[in-house]
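These are my notebook entries on a structure that I had not examined before. I set down what I looked up, entry by entry.

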Amino acid sequence: MQTPEWWSQAEKEINLLMEGFTDKLRDKLAVEPGKIIGRKNPFLFRVRSGSNAEALSRMVIDAYLSSSEETIFGNIIEDIAICICSKAKGGWKSSTQGIDLEYRSEDGSQRTIMQIKSGPNWGNASQHKKLTDNFNNAKRVLRTSISNVRCVEGICYGKSKIRDKGSHEVLVGKEFWKEISDWTETHKVVLTLLGHHAENGLSSAKSKAKNNLVVYLMENRAVTRYNTVDWDELSELLF
């Protein structure tokens, strides 16, 4: 596959973003075990882990890391999209409230403003209304100096038949990536590049966090010397 000239520089910046993503996850895992287990639902883990301390620890850490990943990666994928658009089309991170990305048309006659979402199933009705309000407010501000403002809701993955919401366009999945880069293969090369960062040394950090959690529970008498969870003691610790 022949890549555009801008891709090599974008690739370097995306690699740096992904290294930062991994560092943030390591920092999340480095917090005190009590804070980790205190944020998760003990009723769910009572059902799923039985009384095995290692199973409980593994489930708690995996669930904690997964929720952290979703939050942190939502910001990372937005930064990746902005990075690509800046290299491919001269786009920039918007300073307008409620807008993530802006770029001009090739002839300079149109300004596109975009709010980026990770996936198609985001937000409730009030949040969707807020997005529309943000577009309307941004258009009102920008039209004092720009006559043609185009509003786009850009969604990084998925498929949708909705293309027009009246107040703005909706571009989903590969259409979104093509829009911000003018290249049909962008979603594929991004997926390939992110695959190079799979795990990225997190295994040891996860193992350490799981062991620390078991030790913490033992120190607080919530795990017996037979590696069994004492749920009465654990409930006293958590409630």
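This is a predicted model: local features need pLDDT of at least 70, side-chain atom pairs count only at pLDDT 80 or more; totals for chains, interfaces and linings use all residues.

Entry 1: helices H4 and H7.
I looked up how these two helices are placed. The axes of H4 and H7 cross at roughly 130 degrees and come within 13 Å. H4 and H7 are therefore oblique to each other. I recorded their crossing as right-handed. I then asked which residues make the contact. From H4 I listed Phe73, Ile80 and Ile84, and from H7 I listed Thr186, Val190 and Leu194. Sorted by class, the contact of H4 with H7 holds five nonpolar residues, one polar residue and no charged residues.

Entry 2: helices H1 and H7.
I turned next to H1, which spans residues 7-29, and its packing on H7, residues 186-195. Their axes lie 11 Å apart, at an angle of about 40 degrees. That angle makes H1 oblique to H7. H1 passes H7 in a crossing that I noted as right-handed. On the H1 side, the contact involves Trp7, Glu11, Ile14, Asn15 and Met18. On the H7 side, I found Val189, Val190, Leu193 and Leu194. The residues of this contact of H1 with H7 comprise seven nonpolar, one polar and one charged.

Entry 3: Ser181.
Leaving aside residues up to four places away in sequence, Ser181 touches Trp6, Ile84, Ala88, Lys89 and Thr186. Two of these names, Ile84 and Thr186, I had already written down for the contact of H4 with H7.

Entry 4: the sheet.
I looked up the strand order and found an open sheet of five strands, S1-S2-S3-S4-S5, with mixed pairing. The edge strands are S1 (92-93) and S5 (169-172), each of which pairs on one side only. S1 runs antiparallel to S2 (residues 101-104), and two bridges join them. I noted Leu101 in S2 as the bridge partner of Lys93.

Entry 5: helices on the sheet.
Which strands does H4 lie across? Helix H4, residues 53-89, lies across S1, S2 and S3 (111-117), and runs at about 15 degrees to S2. Helix H5, residues 125-142, also packs on the sheet, where H5 touches S2, S3 and S4 (149-155). The direction of H5 makes about 155 degrees with that of S3.

Definitions and conventions
Residues are numbered from 1 along each chain as its sequence is written. Side-chain values use heavy atoms; hydrogens and water are left out. Axes are lines fitted to C-alpha atoms, for helices over the stretch in contact, and angles run from 0 to 180 degrees between N-to-C directions. Helices (H or I, at least four residues) and strands (E, at least two) are DSSP runs, numbered from the N terminus. Angles under 35 degrees count as roughly parallel, over 145 as roughly antiparallel, 65 to 115 as roughly perpendicular and the rest as oblique. A crossing is left-handed if the near helix is turned anticlockwise from the far one by less than a right angle, and right-handed if clockwise. Contact means heavy atoms within 4.5 Å. Ala, Val, Leu, Ile, Met, Phe, Trp, Tyr, Cys and Pro count as nonpolar, Asp, Glu, Lys and Arg as charged, and the others, Gly among them, as polar. Two strands pair if DSSP finds at least two bridges between them.
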